[in-house]
Amino acid sequence: MTDRPLALITGASNGIGLELAHCAARDGHDLVLTARSQDRLDALAGELASRYRVAAQVVADDLADPAAVGRILAAIDRPIDVLVNNAGFGAWRDVADTDATVLDEMVEVNVAAVTRLARAVLPGMLERRRGRILNVASLAGFFPGPGAAVYYATKHYVVAFSESLAIEVEDSGVVVSALCPGPVATGFADRAGLDVESMRGMAVLDARTCAEAGWRGLMAGRRIIIPGTGLRAMALVPRFVPRSVMAWGAKRVQNRT
């Protein structure tokens, strides 16, 4: 037990989650790191403990299993001060061409686990009148996405859920933010079958830049965090362009990947 705040980070073994773990540790947070890869988590925990002099606990589990959230929370014996819902994945294929199990697991990881974890930590945060939740969504959450329909829909849920939750806890001392990056060079793209370099006209961020923007935005209390000036402008497109037009535009982009 220490007097340092505790941050729980899902999907912490690589990419944005790994970099967010560095951000939290650098700011003096102890950590609970969870993802599927025990070896990667162990290596990261050792690095963070050595570099930042914080405690780092590893809980390897797969959030595609509905029981995983309960197991992860049962392994933590301290109040959670910061929750980072980073775990998520996509599939860049038409719904009819995607294995049904993959779609079920995507909804479980991207939607259900995010909701369960937020619900689990919120009562304690509200009682203590402090706490922060960062839900990692995507710029995709502002658009329809034929060719990756379920992924886009799950990220739309994360954006809407985060914005609504932020209003529900307004003036309580609890902050809820959604990080909505565009394409980021991580292992996410490989798993999804997406070549991010083919996303013409969109800058591809590195994971560290994205994570640092997300962490700064969370600490500043921003509800929606979109790294990159150009991408922030893209998020305004739905205000002026019919959704049918956006859907056809998205389909053309997906067909180039």
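The legends below describe close-up views of a predicted model.

**View 1. His22 and the residues around it.** His22 has its place in helix α1, which covers residues 15-26. With a relative accessible area of 8%, His22 is buried, since the value is under 20%. Leaving aside residues up to four places away in sequence, the residues that His22 touches are Leu44, Glu47, Leu48, Arg51 and Tyr52.

**View 2. The ring pair of Trp92 and Tyr152.** A pair of aromatic rings is described by the distance of the centres and the angle of the planes. A search of the whole structure finds 4 aromatic pairs, and in the one shown here, formed by Trp92 and Tyr152, the ring centres are 6.3 Å apart and the planes stand at 55°, so the pair is tilted. Trp92 lies in the loop between β4 (82-85) and α4 (100-128), whereas Tyr152 belongs to helix α5 (residues 149-168), so the pair ties together parts that are 60 residues apart in sequence. Trp92 counts as buried because its relative accessibility is 13%, and Tyr152, with a relative accessible area of 10%, is buried as well.

**View 3. The ring pair of Tyr157 and Phe161.** The rings of Tyr157 and Phe161 have centres 5.5 Å apart and planes at 10°, and because this angle is under 30 degrees, the pair is stacked. Tyr157 and Phe161 are 4 residues apart in helix α5, so about one helical turn separates them. The relative accessible area of Tyr157 is 29%, which makes this residue partly exposed, while Phe161, at 17% relative accessibility, counts as buried.

**View 4. A cluster of aromatic rings.** Trp92, Tyr151 and Tyr152 are linked into a cluster by ring pairs.

View 5. Rolling a probe the size of a water molecule over the atoms shows where empty space is left. The count comes to 1 cavity of 30 Å³ or more, and the largest cavity holds about 30 Å³ of space. Its lining is made up of Ala91, Arg93, Val95, Thr98, Leu103, Met106, Ala148, Ala149, Val150 and Tyr151. Helices α4 and α5 each supply at least two residues of this lining, and the largest share, 3 residues, comes from α5. By residue class, the lining of the largest cavity divides into 8 nonpolar, 1 polar and 1 charged. Tyr151, one of the lining residues, is also part of the ring cluster with Trp92 and Tyr152.

Technical notes
Residues numbered from 1 in each chain as written. Predicted model: local features only at pLDDT ≥ 70, side-chain atom pairs only at ≥ 80, totals over all residues. Heavy atoms only, no water. Buried < 20%, exposed > 50% of the residue type's maximum accessible area, 1.4 Å probe, protein only. Contact = heavy atoms within 4.5 Å. Phe/Tyr/Trp six-rings, centres within 6.5 Å; stacked < 30°, edge-to-face > 60°. 1 Å grid on protein atoms, 1.4 Å probe; cavity = no way out; pocket = protein on both sides within 12 Å on 5 of 7 lines; lining within 4 Å. Points joined across faces, edges and corners; volume = space filled by probe spheres on them. Nonpolar A, V, L, I, M, F, W, Y, C, P; charged D, E, K, R; others polar.
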